[in-house]
Amino acid sequence: MEISALLTSAGINISICIVLLSLYSILRKQPANYCVYFGRRLVCGGARRYDPFWYERFVPSPSWLVKAWETSEDELLAAAGLDAVVFLRMVIFSIRIFFITAVVCIAFVLPVNYYGQPKVHKEIHLESSEVFTIENLKEGSKWLWVHCLALYIITSAACLLLYFEYRTIAKMRLGHITGSASKPSQFTVLIRAIPWSPDQSYSDTLSKYFTNYYSSSYMSHQMVYHNGIIQRLLLDAERMCQSLKHVAPEINCKPSLTPCTFCGGLTATNSFHILSNEGDSVKGMELGELTMTTPEQERPAAFVFFKTRYDALVVSEVLQTSNPMLWVTDLAPEPHDVYWRNLNIPYRQLWIRRIATLVGAVAFMFVFLIPVTFIQGLTQLQQLSHAFPFLRGILKEKFINQVITGYLPSVILILFFYAVPPLMMYFSTLEGSIARSIRKKSACIKILYFTIWNVFFVNILSGSVIRQLNVFSSVRDIPAQLARAVPTQAGFFTTYCFTSGWASLACEIMQPMALIWNLVAKAVSKNKDESYETLRFPYHTEIPRLLLFGLLGFTNSVIAPLILPFLLIYFFLAYLIYKNQILNVYITKYESGGQYWPIFHNTTIFSLLLTQIIALGFFGLKLSTVASGFTIPLILLTLLFSEYCRHRFAPIFHKHPAQVLIDMDRADKMAGKMEELHKKLHSVYSQIPLHSQKSSSKGECSTPFANQELPDPEKLKPEEGDAIAKELWGYQGNESGQEHEDKSCPSASSPEHRTPTMIELHKRS
């Protein structure tokens, strides 16, 4: 690929990023878009900011960048949980290691590659990208020691940073376990594959078993029921609620002839009258009255509660009977993390489901070879023109040639990749995951394998076939073949960084689908109410993307270092944009407790080993026995480092330490908290979420950013804004002393006096 095609792709993507980021800084200030760009803070009760000038709403500003930069890690941990902190530490690690890599390789490796052979160079934009790769060095060059030294520096820095990050995050995970002392999951074990008995129900069988074998620690249990009827009831209730929202007229607090229901003041004639709250009566009902279940609806699964955390840990770790397919035990996930639908799947089906999903994922990988090969054909039009003469006419148009070979392939690949995450999430659901976080982690691993295979290896293989290079004939030839193929794809990988990296980040912060849906809801459906349906952060798509760019950075570092500055820009943008989105848009309802870090660590080690193998192949091709000899010990040292981390840190992410749990049990007994914790266990794992449970789950939202408020609603002219802006404007007037008439609706500080819009907002906060 020519540098001019590379610059064309860079120019297009830079323009897209500037336009989208400027639009975002304007759209985020508009009251109608608060539910799109501040969904998390609206749900969690974020405050407001006072903008001194009216015209600033329509002027791009970098204030959101400053706020994202200034937010500390402790504030982020309190607001979004451990998974968000771990994800951003992945980004920070990438910034650090690729800053070191870029300095070393741009300063030393790139000049050696460029002047590797004595020849007259063209102007930079007319040069081929292969001039900047290691292929430009002649055989037997004495300058290959520079590449070997750079490889040692990069590997040493990466391993050192990985060690410190792994140690820090392991401590954070232990702090996450000890800091969640009131979580019911630590006292609860999920039992599956309860044996069926014709003489008694599943509940009686379970009670008899645990009373017999765990009488000193067993407390009670909660059966899992067939959720068909329950789900239909909940779905009907949700539809009715949505219907009432959509027909709700616009709410105002202006005086009218109809008295207010609560305060007796004058209010709008078309306002809803809030009737009695049935929450107290629902709380007093027994669980059986709410679920309407019978023994015939019981499933062979249950949540079993124990007196101490240590008792639950022991039961979850040991084999219960001589038949491993019966009485299967696991530590229960958090109540909001439970994936109830999969608890109905018979345990004996799970191994078949896993094999089926593996076969389906592999088959989809092979189907995906077709678009990837087509994309590689677009990048190799010069070679294909010899077999297809009609392509020569296209190549004569310089700009069109640059767009087709430089920009279009990566765009087409990204469009095809939009089908991958939903399909992999579906496969992970079919596997029978008991928790939403486990399902998302499984989808993350599948997408990671799929992405690395198709973007890296398949592109290299298909490019080698088009260039009529020899494909791998034996295992011994793999390093040499990779060494020949990787430099030829350096240009494509760089354009992929522009499109899938820079432009995707700009689309992420714009939230185009949510923005369009919000506009449709307001313009077409005439829905003036705000539902604030916030999203969960897509770890299963963003972590594989981050790791893919890390793989591309490592493998191209000493071979084609021109990609490194562009990757560094991507990681800097990712840090600011993802941090902003986590603070303002995405809400954390469940998390894995930092279990994504081992995936990141292992994939980074794999990237380092692959880089060393490719470098070993190149040193062999360039007939440098000294460089090859020094590379082999580096591979062995990297493997030893990986094995040490696997034994030292990885078990903390898979098991709970008994010492920590016993200390927590003793502390709670001394403080007299055990009875209070035991009382909460039975109700939190109910399949019907009670009103009190919903409120408590919403209450988990932390708001440590009280000074980072939304734009001043008084400056937003509420008569032109949406219903929420009007409500906030009214409350601001009360707070600033501009009170309404004494018969008007009171302020939001009184919980019993709220308009329907604010009641809904209160329930969600």
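This note goes through the predicted model point by point, from the whole chain down to single residues.

1. **Ground rules.** This is a predicted model, in which local features need pLDDT of at least 70 and side-chain atom pairs count only at pLDDT 80 or more, while totals for chains, interfaces and linings use all residues. Residues are numbered from 1 along each chain as its sequence is written, and side-chain values use heavy atoms, with hydrogens and water left out.

2. **Overall make-up.** The protein has 31 helices and six strands. These are DSSP runs, numbered from the N terminus: helices are H or I with at least four residues, strands are E with at least two. Of the 765 residues, 53% are buried. Buried means under 20% relative accessible area, exposed means over 50%, and partly exposed lies in between (1.4 Å probe, protein chains only).

3. **Surface and contacts.** The accessible surface is about 35700 Å². Carbon and sulfur atoms hold 63% of that surface. Areas come from the Shrake-Rupley method with a 1.4 Å probe; for residues, only the protein chains shown count as cover. Now take the contacts (heavy atoms within 4.5 Å). Among those with a separation of 6 or more, 81% join residues 24 or more positions apart.

4. **A covered helix.** Helix α20 spans residues 478-488, and nine of its 11 residues are buried. Among them are Pro-479, Gln-481, Leu-482, Val-486 and Thr-488. Keep one rule in mind when you look at any α-helix: there are 3.6 residues a turn, so residues three or four places apart point the same way.

5. **Aromatic pairs.** Rings of Phe, Tyr and Trp (its six-membered ring) pair if their centres lie within 6.5 Å; planes under 30 degrees apart are stacked, over 60 edge-to-face, and the rest tilted. The count is 53 aromatic pairs. One of these joins Phe-210 and Trp-327, edge-to-face, at 6.1 Å centre to centre with 80° between the planes. Phe-210 sits in helix α8 and Trp-327 in the loop between α12 (309-317) and β6 (328-331), so the pair ties together parts 117 residues apart in sequence. Both Phe-210 and Trp-327 are buried.

6. Phe-537 is in the loop between α22 and α23 (539-557), Tyr-578 is in helix α24 (residues 564-584), and the two are 41 residues apart. Phe-537 is buried at 5% relative accessibility, and Tyr-578 is buried at 1%. There is also an aromatic cluster, with members including Phe-98, Trp-453, Phe-492, Tyr-496, Phe-549 and Phe-571.

7. **Cavities.** On a 1 Å grid over the protein atoms alone, a cavity is a set of points where a 1.4 Å probe fits but cannot get out; lining residues have an atom within 4 Å of a point. Points are joined across faces, edges and corners, and a volume is the space filled by probe spheres set on them. There are eight cavities of 30 Å³ or more.

8. **A pocket.** A pocket is an open set of points with protein on both sides within 12 Å along at least five of seven lines. The second largest pocket has about 940 Å³ of space. Of its 31 lining residues, Tyr-418, Pro-421, Thr-541, Glu-542 and Arg-545 are closest to the centre. Helix α21 gives the most to this lining, with seven residues. By class, the lining has 20 nonpolar, seven polar and four charged residues.

9. **Residues to look at.** Ala-193 is not a glycine, yet its phi is positive, about 60°. Ala-193 lies in the loop between β1 (188-192) and α8 (202-213), and is buried at 12% relative accessible area. Gln-511 also has a positive phi, near 50°. Gln-511 is in the loop between α21 (490-510) and α22 (512-523), and is buried at 8%. Thr-603, in helix α25 (residues 597-621), is buried at 9%. Leaving out residues up to four places away in sequence, Thr-603 touches Leu-448, Ile-452 and Leu-547.

Note on methods. Ala, Val, Leu, Ile, Met, Phe, Trp, Tyr, Cys and Pro count as nonpolar, Asp, Glu, Lys and Arg as charged, and the others, Gly among them, as polar.
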